[in-house]
Amino acid sequence: MSRELRLIVYCFIVGALGWLWLLSSASGIIVTPILVFFLFMALLIESAGFRVPPADPHSLVGVVLLTAATAFGPESGALVAALSGLIFGAAAPLFYGRARTLYLLVARPFLRSGVRAIAILSGAALADAVLGAPADGFERFALQAVCFALVIQSARAIREYLQGGSSGLATWWRSAWQPMLSAEVAPLPLAWLGAAIYRQLGLDYFVLACAALLAGSLSVRRASRRVQLQRRSVRELGLLNQTSRAINRAEMDVEALCELIYRETSKIVDTSSFHLGLFAPSGDTYTLVVRVQDRVRLPPLTVQLPAGDGIIGWMRATGHSLLVEDFAVEMNQLPARPRYQSERPPRSGIYVPLLTGDEVIGTISIQSYRPRTFSTDDLRLLSLIADQAAVAISKARTYDSAQLRAVQLAAIHEVSERITAILEIDNLLPSVVHLIRERFGYHPVHIFLQEPHGRLVFRASTASLANLKQFNDWTLRSGSGLVGLAAQDGQPILVNDVRADPRYISDDRNTRSEMAVPLRFGNESLGVLDVQSELPNRFTDADMFVMQTLAGQIAVAIESARAFTAQREEAWTINALLQVAENLARVSSLSDLLLTIVRLPPLLLGCDRCYCLAWNRTQGGFVPLEVYGLNDEQRLALIGKRIEEDAAPPLAEARRTLAPVTLRETARPAVFPSPPDPIVDGVILLQPLTSRGAVLGMLVAEHDGATALSARALTLYAGVANQVAGALESALLAQEAAEASRLEEELRVAREIQTALLPAHVPAVPGWDVAADWRSARLVGGDFYDFWRLPIARSVGSANLDVPPFGFVIADVSDKGVPAALFMALSRSLVRAAALDGSSPGVALSRANRWISRDTDSSMFVTLFYGVLHTERGVLRYACGGHNPPLLMRAADGDVTQLTTPGIALGVLDEATIGEAEVEMHPGDVLVCYTDGVTEAIDDAEEPFDVVRLIEVVARHRTRSAAEIVHAIVAALQAFTAQRPPFDDITLVVIKRDPNDS
């Protein structure tokens, strides 16, 4: 039952009791003109009363009513009291401009009349009971006056409590007790005097007394107004100060603070109709926290109120206050029209915004059903209160927000602790959604996980089993609907009315609000946490904060669960691979290794057949080495039969991409052109065996009846393939190492033979200093040098010689290694044979070229420099066959001459003419012969040593011996190349004429 209804029932019950008592005593009532006069005087005196808001009007009507009861008896007095209360109560709403409601027009006047009748009759009954009947005198009057005052004020207190609760009663008492005692209770003894005047002095004097009473009432009314104005002026600052202190000392609770603001405001202005409303921190939600209508406390009310809508919306948009003296007159001039529609709208009101900075956080308004009830002073006072209230409410909101955030964080921490202890993802997700519902009240809660290719798969929900069935097979694409958009953009989405959002994809016709928050771990999107509600505007920014924080915790838990699953699978994989490694390590031969390779996949991975194929580099195909799962006849028909890549495209693809290839078993003819056994339905895996980016072979596994291989199976196959490839490579490398060891031994012998072909020591020539050095880039090389004595000839060019000339050669074969060493041995022998008959250098080299071209069909050639030195006279006759020109440095001035002649390398053409020339070497001159391994040696910057640096080294050491010059050149090369191994063979021959030889 509402308060207003309870109040009306109370009015009718008490009023009926009073009238029943009055009617039961009607036998003692005599209606005379004087009673009508008393009724008229009662109405006139009551209309001359005054009112101290928010209490009832106060008047001296009690004096008239007690005078009638004393002069004519309690029954007649009760009739005058009841009729005056009924008449004036019904006329009061019209007189004061109040609403014309059932309560004000009927119920309350009926209550007033009944209570006055009870007050008069109960006073008489009390006097009879105490003093005895019949009793008379002042004692009886005193008891009647006390009983009258108590009944009247008690009835008012009960009415105020029913109307406004304890707060309404307290507000009434604070404003009414002083005028009630001074204007209603204290003057009651005048009724004894009035009754005496009527009885003893007659009607004329009584009328004069009534006129005096009326004049007194008017004077009291005028004095009351003056006192109210004075007190109001004096008390304003005090009350405002008290209000400010009370508000500042109030507890940090918004509702309690609003209640305090209402109580404190009631001390200053009339709050019979009072509204205190607050706007939500975001959005257009407006809540009337305190709502008092005609002194009746109403429950809070929440509405949607956009800025600019109605007077409240106008205040929110502008931040201005508004004083309306009369709505009926000012309606068309108002900046905004009231939003409400009512059959009894107020006539006047004050509307004040609650401002913090430039933001309107709420409003305070007081209203009245009478025009011109409020003044600018009231507006000023209410504005001052509003300023204090706004600051206090803003602080309380901040405190409430902090408290709420602390509670939320504690709940989030609890949820986080509980979900992080769950490591199985299939148990984790259902636990997560039910914990969210339990701790935060969200329902339904869904979780979608993101899979490859942008798919979002439903994984858990708090929905009922009936509704859950429609989600089990639900798959979303990234970017589709609110959930898909949250996953795609990585940003949370809050929609408080999905029916107005075109992005929403309906999955439940009852859904009105939805939040979708992405589950992100680092930069990776794991899925979406989705919360829905059947209520519009269900979610706030605080809910979004909770969801985002929970989403981060859930993402970590999901990643931890995935990591646990991955670690468990990895442990199983490592154990399986360890078994593979142990089995492979136990084999000692290639045949045993191949049998182990094809046996392990069936044991560990359950394949039905397994093949090990080797890649034949020379022939360009795959050769089956071993197989498991075939009978002997099928095995023998397959082993060793080369499979061309052109006939097996899947094998070619796997070798080219170095990635596994999976295909249906019905495609086996594409792998084995002649299938070894009947084809069944299943899956074939082609797993390359690779080492250092090169394909060693192929592991082929067949699973009958399978539709696909799991990711873990593919991972295991890859691990097995790596181990198999390593073991296979080790076996092959062991064979190659044995072969390399044998070859290295052979090369060592070849080097010894090649070294033996070179001169064991340089010749000792009187008057000449000769030195040489030979360094091969490999065990054997293609450079060589040689010295020999030639027969005496009568003349060699322009020189007549008596001493046998001295011949020497330095050469460089076009290749390196074993082929160059063999060609070097051949070239040395043929050049030596062509020169030993004493032919001139050009003739000897031309002859050697013919022999080399005739005896070899390789593409190799040799460059060389051949010189014949007549030591007695210092004449050098020479020929250059495409070789690096030797350097002749003069002792006198350090001038350098490069010795060269027309000609090409030997072995290029069958017939080639090699030119020759001669030069005289003077005492101290140095001849440096070298191969391109000297000048083409490079440093870390890829810069060659070149001829210039060689000349600089020879120039610095030309005064030293030939051996020291060779040593200096070698040291300079090593310093230049930073001790790097030589890229090409290095050969040096240095001949220096004795400076003292004449």
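## Helix packing and an open sheet

Helix H5 crosses H6 in the right-handed sense. H5 covers residues 102-131 and H6 covers residues 138-185; their axes come within 8 Å and cross at roughly 145°. In the contact of H5 with H6, the residues divide into 17 nonpolar, 4 polar and 6 charged. These values come from a predicted model.

| Element | Residues |
|---|---|
| Helix H1 | 3-24 |
| Helix H5 | 102-131 |
| Helix H6 | 138-185 |
| Strand S23 | 783-789 |
| Strand S24 | 806-813 |
| Strand S29 | 916-920 |

Helix H1 has 22 residues, and at 1.5 Å a residue these should span 32 Å; the end C-alpha atoms of H1 lie 31 Å apart, which agrees. Which residues of H1 are buried? They are Leu7, Ile8, Tyr10, Cys11, Val14, Gly15, Gly18, Trp19 and Leu22. Viewed down the axis of H1, these buried residues fall within an arc of 160°, so they line one face of the helix. Leu17, Leu20, Leu23 and Ser24 are exposed on the other side of H1.

An open sheet is formed by 5 strands in the order S23-S24-S25-S26-S29, with antiparallel pairing. Its edge strands are S23 and S29, each of which pairs on one side only. From one strand to the next, the twist averages 15°. S23 pairs with S24 in the antiparallel sense over 7 bridges. Opposite Val809 in S24 stands Asp786.

Methods
Residues numbered from 1 in each chain as written. Predicted model: local features only at pLDDT ≥ 70, side-chain atom pairs only at ≥ 80, totals over all residues. Heavy atoms only, no water. Helix = DSSP H or I, 4+ residues; strand = E, 2+ residues; numbered from the N terminus. Expected span 1.5 Å × (residues − 1). Buried < 20%, exposed > 50% of the residue type's maximum accessible area, 1.4 Å probe, protein only. Arc of directions from axis to C-beta. Pairing = 2+ DSSP bridges. Axes fitted to C-alpha atoms, helices over the stretch in contact; angles between N-to-C directions. Left-handed = near helix turned anticlockwise from the far one by under 90°. Nonpolar A, V, L, I, M, F, W, Y, C, P; charged D, E, K, R; others polar.
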